[in-house]
Amino acid sequence: MSNKILVTRSSMPDYEEYCEEIKELWDSHWLTNMGVKHKQLQAELEKMLDVPHVTLYTNGHLALENVIAAMNLPKSGEVITTPFTFASTTHAIVRNGLTPVFCDVNENDYTIDVTKIEDLITGKTCAIIPVHVYGNMCAVEEIEKIAKKYDLKVIYDAAHAFGVEYKGKSSASFGDASMFSFHATKVFNTIEGGAVCFHDDNLVQKLNDLKNFGIHGPEEVAYIGGNAKMNEFQAAMGICNLKHLESEIAKRKAVVERYRSNLKNIDGIKLCGVQADVKSNYAYFPVVFDEKIFGASRNEIFDVLAENGIGARKYFYPLTNTFECFNGKYNVNDTPVALHISKRVLTLPLYADLSLDDVDRICDIILRCKKGI
C-alpha cells in the first residue's frame, strides 16, 4: 500500500549533510576504535546532557549490560525493576547473573510505582533499575531517597528519555548512571547505538575495559571485556542528528498535540497525563483502551488500523515476567497494573515527518471503532 504509515520512521539528516560528515573517513581510513567522530560525539553529548562522562556503545542493550557489570554487584543479588519494559532491561539483569524482582507500575505514567519498592527490598537487594517509559520520567526524587536509605545502586533505563528534562535537569543526571538507546527508532539515533551517562570518575576505565576487551595498550590486556564500541559511521550520524534534535522534537510535539486534540475526553480512551516539571521529548504516544466502555478491544483496533495500512504497536506486550524463557519463575498477578495496561495499550504512529492530516485519519479510524459511532 503506497500510503502505508509505519509506527515510526527514523530521523535522518540530508543525504549531502551526512556525506560531508563522513567524507574525512575516506582520508583517514579510521572507521572504528574511538576515532575522531566518536570523540566528537562523546564531547557534544557531555555538553548537551550536562554530565561529566558519556561512554558510547554500539547499542543500548550492551550499554546497559556493561554498566550493570561495572557496578560490581553481588552475583547472588536481586535487582528491583519493572516488567513493563522492552526485553533488553530484564535480559541485561539476568545476563549479569542477577535476579530481577518485579515491581508494579503506577496507573498515571506507567513508570515504577515507588510506593511499592520498599516492600520488595530484601537482604539480597543490591540495585534498582527503573525505566523511564514513553519519555515519562520516573519519580527520581523518591527513588533517590529509597536508594540512600538502603544503600542501593540506581541505574536508569533511559532508552526512551533522551532530551527529557526534569526541573531543568537532564534525564541523564539522575541515579548512579543512566543508559540511553540511540536505535534507529528513537528520538535521537546513531543508526544503532547507545550510551551510559554517569558522574563517578572511577567508572570511566571500567566501562572502557568492558567495551574494548580490557585492552590498555598494544601489549597489555588488563581486564576481561567484550566488544561494544560505537563505530565512526554511527557517530557521524549522531553528530548530524544532534544538530536537528530540537526541531525534531518540535515536530513531534505538534503531532502529539494533534493526537491529544482528537482523542481527548473520549469515553473508553485513556491518554497519559502531562508530567509536571518535565520537558518532554514526545517519544511515544500510548493510548489505553477500555473495551467495556469504548466498545472495541485494543486488539480489534490494532487489526483495523493494520487493515488500513497503519502500523501501531502493542508496546509493552507481553510483559517481560511472562516470557517463555522465565516460565514458572514469576507470577504475573504480582504486577496487576502492568498486566492491565499491557493488555490494553497501543502506541500510535509518531515521528517528526508524520503529517497532521495522517494523524487525523488515524484518529478517525480509531473513533469509527467506538461502539455507536
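This is a predicted model: local features need pLDDT of at least 70, side-chain atom pairs count only at pLDDT 80 or more; totals for chains, interfaces and linings use all residues.
Let me start with K229, which, leaving aside its neighbours within four places in sequence, is in contact (heavy atoms within 4.5 Å) with T32, N33, M34, Y57, T58, K211, N212, F213 and Q234. This lysine is found in the loop between β11 (220-221) and α8 (232-243), where helices are DSSP runs of H or I of at least four residues and strands are runs of E of at least two, numbered from the N terminus. Its relative accessibility is 11%, and K229 therefore counts as buried, the cut-offs being under 20% relative accessible area for buried, over 50% for exposed and partly exposed in between, with a 1.4 Å probe and protein chains only.

Residues are numbered from 1 along each chain as its sequence is written, and side-chain values use heavy atoms, with hydrogens and water left out.

Stepping back to the whole chain, there are 13 helices and 15 strands. The radius of gyration, taken over C-alpha atoms, is 21 Å, close to the 21 Å from the globule rule (2.2 Å times the number of residues to the power 0.38) for 373 residues, so the chain is as compact as a globular protein of that length. Of those 373 residues, 54% count as buried, and residues 24 or more positions apart account for 72% of the contacts with a separation of 6 or more.

What does the interior look like? The largest nonpolar core has 91 residues, of which L45, F84, I117, Y259, L263, L305 and L348 touch the most other members; a core here is a set of buried Ala, Val, Leu, Ile, Met, Phe, Trp, Tyr and Cys residues joined through side-chain atoms within 4.5 Å. Apart from it lies another core, of 25 residues, among them C126, A127, L207 and L210.

L305 leads us to helix α11 (residues 298-307), in which R298, I301 and L305 are buried. Seen down the axis, the buried residues of α11 fall within an arc of 65°, so they line one face of the helix, the arc being that of the directions from the helix axis to the C-beta atoms. Their cover includes β14 (286-289), α10 (291-294), α12 (336-342), β15 (345-347) and α13 (356-368). Just after α11, G309 takes a positive phi of about 75°.

The loop between α11 and α12 deserves a careful look, as it holds F316 and also P318. The peptide bond from Y315 to F316 is cis, with omega near 20°, and a cis peptide bond also joins Y317 and P318, with omega about -5°.

Turning to the strands, β2 (residues 78-81) and β3 (residues 99-102) run parallel and are joined by 4 bridges, where pairing requires that DSSP finds at least two bridges between two strands. The chain crosses from β2 through helix α5 (residues 87-94) to β3 in a right-handed β-α-β crossover, meaning that, with the strands pointing away from the viewer, the path from the first strand over the helix to the second runs clockwise.

Finally, I191 has a positive phi of about 75° although it is not a glycine, and it lies in the loop between β8 (177-181) and β9 (194-198).
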